[in-house]
Amino acid sequence: MYSVGDYLQNASNKYKDKIAIIEENKKITYEDFNKYSSIIGSYIGEKIFNEPVIVFMDKGIDALITFFGIIYAGCYYSLINPELPEVRINNIKNTFKASLVITNQKYYALAQKYFKDLDIKMVEDLKKGQIKEDVLHHAHEKHLDTDPLYVNFTSGSTGIPKGVVIAHRSVIDFIDVFTKIFHFTSKDIIGNQAPFDFDVSVKDIFSSIKVGATLVIIPKEYFSSPAKLLDYICDNQVTTLTWAVSALCLITTFHGLSYKVPKSVKKVLFSGEVMPLKHLKMWMEKLPKAMFVNLYGPTEITCNCLYHIIDRKRIYEKIPVGIPFPNERVILLNEKDELIDQPSKVGEICVVGTSLGLGYYYNKEQTNKHFCQNPLNPNYLEMIYRTGDLGFYNDCGEIVFNGRKDFQIKYLGHRIELEEIEKAIMDIAGISRSCCIFDSAKEKLYGYYVGNIEKSELQSKLKAILPIYMIPTKLIRVKEFPLTKNGKIDRAALKELKEVTYV
Ligand code: AMP
């Protein structure tokens, strides 16, 4: 198989009238899913091949039809969340350099404002077109499995979001082992939590279509109302949750499982952050027969490279991130780039294999920094991705996550480079210094700054530049920053200063 488009072709032949996707009160069969994707693919394929296309809409059936239309045309997509601030959308637009934007009626006016110079089409109009078999056939013939499939933009320490490029081959190889190991079948009903610009959703979308399951899209608003969320999961008889840790914890934090237990759920796979044992226990008690899995990996290596199936009989101090998926090699390197193979010694988690992304879109510098030649291999080209995560082997030979080398954090489920927030603060007139600190115990983000601008003004200016989840919980103006002996900001001392040095 060379293209993930073949998943949909196969499913539509085999499961024709079966419901492929449910989105609240809307549904679509595999046959119609394939039909509309083919129509959109025909339109795009007549114009472009192997080029980027922006998808500008909320997650849902139309976004998936559009994704597959783009895939059928041999092009690649990036979903841009319309709720992002204009400055960020502009940054992504300038990096991605697409000529075509596909949006829907709801966001057409906004798309016209943001993408003035680009060709903008509405999915509702495109769906009225015709299938052109010759166009689709030609695109399929020319396509390579090493061509890009999607580009997901994540926070970048330079202040500009980084676009991680993932090829078809990486998704095909990963989804193949992922669906086998965790026994995904056509009987599964997969409850999608993750936004479509977040790579957790890649597992939902492509696993579901590969095995001919039904994908139930859970609208994001439901995550602020646990009762509604649990009703929806139960009503749709969802069997599988591949969710971010933060989303699972949200249900337990608000005692959702005391309201209703989603008894149809047989598999719970979580990733993105360390799963707090307390929350995991609550889930496991309520679903005594379900399989629970810790998944680990950054967007750059296509979803996940390590997994650990929770053993109900084992007593955990720390849940390991586990062992590599088949056909993935994960190595730990120490500061001298030497291989670590002894238990308890901490090193950087590095990944080798076809799961590696194609780098950061239009960003050679960042690409070369993170995707590089395996220092252990002087003989031939072998790329590794340096995750920046630290880990060690436990006595069972499993890898245990041990924090980060840099200032990347996970906050409310989002991956954030603290330097990006610091840069955004520094770019505002009147600010001379800034520093962000994340308190993981309290789940709070503090933004310290030196400057002659009021906190309220700074906050409203930041809202225009950064996504809402990147705005510090608390902005703290200080007279000056405490420094370490070698002149760096003394973060520990800054934390201590926090309440005393307001001016
Ligand atoms: P993202 O690219 O948004 O998926 O974020 C990837 C980062 O999330 C990784 O580099 C880790 O720092 C963190 N992460 C992912 N999965 C886990 C996990 N199971 N346990 C701890 N941290 C994780």
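Author: Contact means heavy atoms within 4.5 Å. The model is predicted, so local features need pLDDT of at least 70, side-chain atom pairs count only at pLDDT 80 or more, and totals for chains, interfaces and linings use all residues. Residues are numbered from 1 along each chain as its sequence is written, and side-chain values use heavy atoms, with hydrogens and water left out.

Reader: Which residues is Ile209 in contact with, leaving aside its neighbours within four places in sequence?

Author: They are Tyr7, Leu8, Ala11, Tyr30, Phe33 and Phe68.

Reader: Why is Ile209 called buried?

Author: Buried means under 20% relative accessible area, exposed over 50% and partly exposed in between, with a 1.4 Å probe and protein chains only. Ile209 has 4%, therefore it is buried.

Reader: How far from an oxygen atom of the ligand is the polar side-chain atom of Lys410?

Author: The distance is 3.0 Å. For an N or O atom in the side chain of Arg415, the distance to a ligand oxygen atom is 2.6 Å.

Reader: How much of the ligand does the protein bury?

Author: The protein buries 95% of the 490 Å² that the ligand exposes when taken alone, by the Shrake-Rupley method with a 1.4 Å probe (for residues, only the protein chains shown count as cover).

Conventions:
A polar contact is a pair of N or O atoms within 3.5 Å; within protein, one must be able to donate a hydrogen and the other to accept it, and residues adjacent in sequence count only if both atoms are side-chain atoms.
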